[in-house]
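Subject: Structure for you to look at

Dear colleague,

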Amino acid sequence: MLDNPPDYRHDTILPLHPEVCVNAWAVDAACSGNPGAMEYRGVDLITGEEIFHYGPVHGTNNIGEFLAIVHALALMEQRGITDKIIYTDSKSALAWIRKKQCKTTLLRTPETQQLYDVIARAEKWLRTHMIRTSVIKWETQRWGEIPADFGRK
């Protein structure tokens, strides 16, 4: 949890709800089929800039949501970013982050082995690093689609 909460604004370039803290990154995943071609990304809420993008690879939406959070956490730590929060719209990914384990049922096959290697790295990162960044559930019903959404619904 952050000692000093970030400023809350609603005049950012993105159309955000006044309750949303804009000093944040939003993460989201998309999957064409489930399993299918999965990708994820992170977006800065102040600038609208895409901070990172991964995929597409064969996977599931929940795996992408989980990996997006870990990717954001690791990137913030690497860059020394301590004043931002992370938003996700995935309850499953939040639970997996708390457990430090991706509880997927995706079959392990030659096609998914590379993704399983990425999952193992993410789980190891969670076990070996202290999470200092708040990861908060994006309230889609109140705030609309998360800004990192791929817009494919």
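**What was found**

Of the 153 residues in the protein, 47% are buried, where buried means under 20% relative accessible area, exposed means over 50%, and partly exposed lies in between, with a 1.4 Å probe and protein chains only. Please keep in mind that this is a predicted model, in which local features need pLDDT of at least 70 and side-chain atom pairs count only at pLDDT 80 or more, while totals for chains, interfaces and linings use all residues. Residues are numbered from 1 along each chain as its sequence is written, and side-chain values use heavy atoms, with hydrogens and water left out.

**Overall picture**

The protein has four helices and five strands, and from the N terminus on these elements run β-β-β-α-β-α-α-β-α. Helices (H or I, at least four residues) and strands (E, at least two) are DSSP runs, numbered from the N terminus. Among contacts between residues at least 6 apart in sequence, 66% join residues at least 24 apart, a contact being heavy atoms within 4.5 Å. The protein exposes about 8,300 Å², of which carbon and sulfur atoms supply 49%; such areas come from the Shrake-Rupley method with a 1.4 Å probe, and for residues only the protein chains shown count as cover.

Helix α1 covers residues 61-79, and its 19 residues reach 27 Å from first C-alpha to last, close to the 27 Å expected at 1.5 Å a residue. The expected span is 1.5 Å times one less than the number of residues in the helix. Among the buried residues of α1 are I63, F66, L67, V70 and L73. An α-helix has 3.6 residues a turn, so residues three or four places apart point the same way. After α1 comes G80, whose phi is positive, near 70°.

Helix α3 has 16 residues and reaches 23 Å from its first C-alpha to its last, close to the 22 Å expected at 1.5 Å a residue. Its buried residues, including L115, V118, A122 and W125, pack against β2, β3, α1 and α2.

What does V27 touch, if residues up to four places away in sequence are not counted? V27 lies in strand β1 and, at 0% relative accessibility, counts as buried; the residues that V27 touches include R41, F52, A68, A72, T88 and I146. The C-alpha atoms of V27 and T88 are separated by 5.5 Å, although these residues are 61 residues apart along the chain.

A68, in helix α1, is also buried, with a relative accessible area of 0%. Leaving aside its neighbours within four places in sequence, A68 is in contact with V27, D28, Y40, R41 and F52. D44 sits in strand β2 and is buried, with a relative accessible area of 8%; D44 and W25 are 19 residues apart in sequence and 4.5 Å apart in space, C-alpha to C-alpha.

**Backbone details**

Most residues other than glycine have a negative phi, and most peptide bonds are trans. A cis peptide bond, however, joins N34 and P35, with omega about 10°, and P35 is found in the loop between β1 (24-33) and β2 (36-44). The peptide bond from G55 to P56 is cis as well, with omega near 10°, and P56 lies in strand β3, residues 50-59. K100 has a positive phi, near 60°, in a residue other than glycine; K100 is placed in the loop between α2 (91-99) and α3 (113-128), and is partly exposed, with a relative accessible area of 31%.

**The largest pocket**

The largest pocket has a volume of about 220 Å³. On a 1 Å grid over the protein atoms alone, a cavity is a set of points where a 1.4 Å probe fits but cannot get out, and a pocket is an open set with protein on both sides within 12 Å along at least five of seven lines; lining residues have an atom within 4 Å of a point. Grid points are joined across faces, edges and corners, and a volume is the space filled by probe spheres set on the points. The lining includes Y40, Y54, H71, R121 and W125, and α1 and α3 each supply at least two of its residues.

With best wishes
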